Amino acid sequence: MTQDEPDGRLIVAAARLGPVPLVPEIRLHQASDPISLWQRTEATSGRTGLDPPFWAFAWAGGQALARYLLDHPQTARGRDVIDVASGSGLVAIAAARAGAAAVTAYDIDPLAAEAIEVNAAANGVTVRAVCADVLDRDDLPPPGTGLVLVADAFYQRDLAVRVMRFAGRGQARGAVVLVADFGRAYLPRDRLTPLASYDVPGQRVTEDTDTKHTTIWSLASRHNVTLSRL
């Protein structure tokens with residue numbers, strides 16, 4: 001393995017394996033201090049300018065969406081599932097545990113892709129981890145995808161727009177689209193229908209409060225969105 005290749009050993013060394021607060025059935029490699037972890041992974045890998053370690057934390061939207069999938073396994077059961085901006089792989093792992101036929105998790109960070117594989121193995125499930133920016137690819141999601149999952153991806157305007165284009169393509173090809181977020185600035189509520197809400201604990205490290213009230217949304221059909229604006 002070269003210095004420029006990600007290594008699953010970095011994940012194991014940098015973050016401790018433990019249960020997720022809202023989803024204790026699932027264990028992830030998680031960090032207690034984002035800045036120290038960022039510095040440690042750069043030092044260990046010999047690289048600078050790495051992306052923030054989003055993969056090392058169980059974010060509120062991811063926890064809520066994972067909880068929803070485990071509480072409603074019929075949502076994923078037997079379906080081909082895509083999880084975008086997967087981070088730690090928490091949502092993808094929950095989909096696999098809920099009985100998905102196949103799960104593919106996408107993230108642009110190579111360390112996240114490694115974390116997804118390591119975390120999936122720790123939970124005894126199979127998740128295909130792909131390090132790629134796929135949001136603008138017209139061939140994705142592919143026909144036959146049954147479920148598209150998005151959590152915690154609405155913190156930047158451009159990212160939110162690209163995510164929703166991707167989600168819209170998936171819906172047009174027959175997929176159900178589920179979104180989880182606690183209400184960030186660029187969450188397009190006018191295109192979403194609320195399904196369930198959870199109070200997600202343990203968010204002090206990454207957010208401004210310990211608990212985040214987080215909602216699961218489904219992408220509304222274009223017909224319903226048009227009617228809601230009349």
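Two strands pair if DSSP finds at least two bridges between them. Helices (H or I, at least four residues) and strands (E, at least two) are themselves DSSP runs, numbered from the N terminus. This is a predicted model, in which local features need pLDDT of at least 70 and side-chain atom pairs count only at pLDDT 80 or more, while totals for chains, interfaces and linings use all residues. Residues are numbered from 1 along each chain as its sequence is written, and side-chain values use heavy atoms, with hydrogens and water left out.

**Exercise 1. Find the strands that pair with β4, and describe how the chain reaches them.**

Step 1. Begin with strand β3 (residues 80–84), which pairs with β4 in the parallel sense over four bridges. Here D83 stands opposite A105 in β4. Between these two strands the chain passes through helix α4 (residues 90–97), and this β-α-β crossover is right-handed. Right-handed means that, with the strands pointing away from the viewer, the path from the first strand over the helix to the second runs clockwise.

Step 2. Now turn to β5, which runs parallel to β4 and is joined to it by four bridges. T104 stands opposite R128 in β5. The chain goes from β4 through helix α5 (residues 110–122) to β5, again in a right-handed β-α-β crossover.

Step 3. Finally, look at how covered β4 is. Of the six residues in strand β4 (residues 102–107), five are buried. Buried means under 20% relative accessible area, exposed means over 50%, and partly exposed lies in between (1.4 Å probe, protein chains only).

**Exercise 2. Check the length of helix α3 and work out how enclosed it is.**

Step 1. The expected span of a helix is 1.5 Å times one less than its number of residues. For the twelve residues of α3 this gives 16 Å, and the end C-alpha atoms are 16 Å apart, so the two agree.

Step 2. Eleven of the twelve residues of α3 are buried, so the helix is largely enclosed by the rest of the structure. Among the buried ones are A60, Q63, L65, Y68 and L70.

Step 3. The buried residues of α3 pack against α4, β6, β7 (176–181), β8 (192–200) and β9 (212–219). Contact here means heavy atoms within 4.5 Å.

**Exercise 3. Explore the salt bridges, starting with D71 and R67.**

Step 1. A salt bridge is a side-chain nitrogen of Lys or Arg within 4 Å of a carboxyl oxygen of Asp or Glu. The whole structure holds eight salt bridges.

Step 2. D71 and R67 form one, at 3.2 Å from N to O. The two residues lie four apart in helix α3 (residues 60–71), so about one helical turn separates them. An α-helix has 3.6 residues a turn, so residues three or four places apart point the same way. D71 is partly exposed at 41% relative accessible area, whereas R67 is buried at 13%.

Step 3. Next take R162 and D133, whose closest N and O atoms are 2.8 Å apart in a salt bridge. This pair links distant parts of the chain, with R162 in helix α6 (residues 157–172) and D133 in the loop between β5 (128–131) and β6 (147–151), 29 residues apart. D133 is partly exposed, at 45%.

Step 4. R165 and D136 also meet in a salt bridge, at 3.5 Å from N to O. R165 sits in helix α6 and D136 in the loop between β5 and β6, 29 residues apart. Both are partly exposed, R165 at 44% and D136 at 43%. Salt bridges with shared partners join D133, D136, R162 and R165 into one network.
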